[in-house]
Amino acid sequence: MERYSKQILFSDIGMEGQNRLKNSKVIIIGCGALGTVISNNLARAGVGYIKIVDRDYIELSNLQRQLLFDEEDIEENLPKAIAAKRKLQRINSDIKIETEVVDVNSRNIEKLCSDMDLILDATDNFSTRYLINDTAIKLNIPWIYGGVIGSMGMLTSIIPGATPCFRCFMPKPPASGSVDTCDTIGVLNGITSIVASYQSTEALKILTGNEKSLIEGLLYIDIWNSDFEYIKPSKKEDCRACGSEDFEFLERAEEDAISLCGKNSVQVNPFSSQISVESIINKLSSMDIEVKKNSFFLKFEIDDVIFTLFYDGRAILKGVTDLNKARTLYAKYIGY
Ligand SMILES: [Zn+2]
């Protein structure tokens with residue numbers, strides 16, 4: 001326990017809290033700017049089981065704020081979840097870390113979250129947050145929302161049955177294209193670290209039974225303009241999620257193509273998750289296309305579009321923003 005001695009000295013945690021952390025299971029959805037800091041803090045704090053889920057691989061533009069990754073990870077073409085696990089297990093080999101390199105969607109989210117004590121939102125998009133909110137209420141698991149853009153960030157802890165849920169204060173997702181994204185206004189690494197540090201501290205409170213110390217309402221921070229505010233939303237009786245338990249996002253069919261925030265990329269989800277790696281390689285080789293292969297995906301480039309094809313059939317096409325063009329390219333070079 002020497003490893004955690006400074007944390008055990010902190011009286012609200014103590015030895016009892018430390019033991020509770022050891023027996024806790026958390027899932028971190030997304031392993032980018034927020035997810036790397038949250039997983040780093042929770043692994044060092046001794047949370048016994050951490051599941052990291054991320055659909056993406058590491059790129060140079062991630063290194064400015066995604067604190068677990070380095071240039072070697074990019075050279076090795078590693079998915080974010082895999083690179084994060086590798087680094088975290090070097091930091092703490094006593095805990096169990098599991099990874100899933102998948103897109104979190106309505107088909108798999110309940111299974112991913114089912115026996116977890118806590119869900120941490122480290123995503124960059126609203127559709128996954130509404131999905132997390134539905135799942136958390138349905139499975140009665142607390143979750144911690146965090147979102148960051150530019151120099152601003154926001155977070156709150158949502159305890160089903162006790163606090164307002166995400167839909168109580170944001171009943172509907174914003175219309176596509178109506179909100180700023182990291183693509184349009186960028187993001188500073190100071191604010192991602194702050195929001196993720198708050199999220200991981202909220203996690204420690206929940207996991208050690210210190211819910212009384214949770215942030216009340218939404219905390220909003222602007223690190224550039226020195227703004228710090230608490231917004232106190234109230235629980236809505238007619239909330240579709242926590243009021244009537246109508247889980248519309250969980251019941252919604254998955255989109256077959258979505259554009260990815262900040263990446264000039266489209267993700268294509270195939271109808272079937274069976275792909276024949278050999279026949280795809282043969283087909284592309286016969287067209288004189290060079291295919292790189294590692295344990296996680298195939299990578300190839302056609303007309304300035306970089307294809308990353310995961311072995312479950314999901315592909316990220318970089319260099320395309322039009323969903324239909326991405327579908328067409330997928331059908332042409334990978335095939336449905
Ligand atoms: Zn609600």
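Predicted model: local features only at pLDDT ≥ 70, side-chain atom pairs only at ≥ 80, totals over all residues.

Analyst: Residues are numbered from 1 along each chain as its sequence is written.

User: Why is α3 called roughly parallel to α5?

Analyst: Helix α3 (residues 33–45) and helix α5 (residues 80–91) pack at an angle of about 25°, with axes 10 Å apart. Angles under 35 degrees count as roughly parallel, so α3 is roughly parallel to α5. Axes are lines fitted to C-alpha atoms, for helices over the stretch in contact, and angles run from 0 to 180 degrees between N-to-C directions. Helices here are DSSP runs (H or I, at least four residues), and strands are runs of E, at least two.

User: Which residues of α3 and α5 meet?

Analyst: T36, S39, N40, A43 and R44 in α3 meet A84, L88 and I91 in α5; contact requires C-beta atoms, placed from the backbone, within 7 Å.

User: What makes β9 and β11 edge strands?

Analyst: The open sheet has six strands in the order β9-β10-β14-β13-β12-β11, with antiparallel pairing. Strands β9 (257–260) and β11 (292–293) each pair on one side only.

User: How do you know that β12 pairs with β13?

Analyst: Pairing needs at least two bridges found by DSSP. Six bridges join β12 (residues 297–302) to β13 (residues 305–310), and the two strands run antiparallel. K299 stands opposite T308 in β13.

Conventions
Parallel < 35°, antiparallel > 145°, perpendicular 65-115°, else oblique. Contact = placed C-beta atoms within 7 Å.
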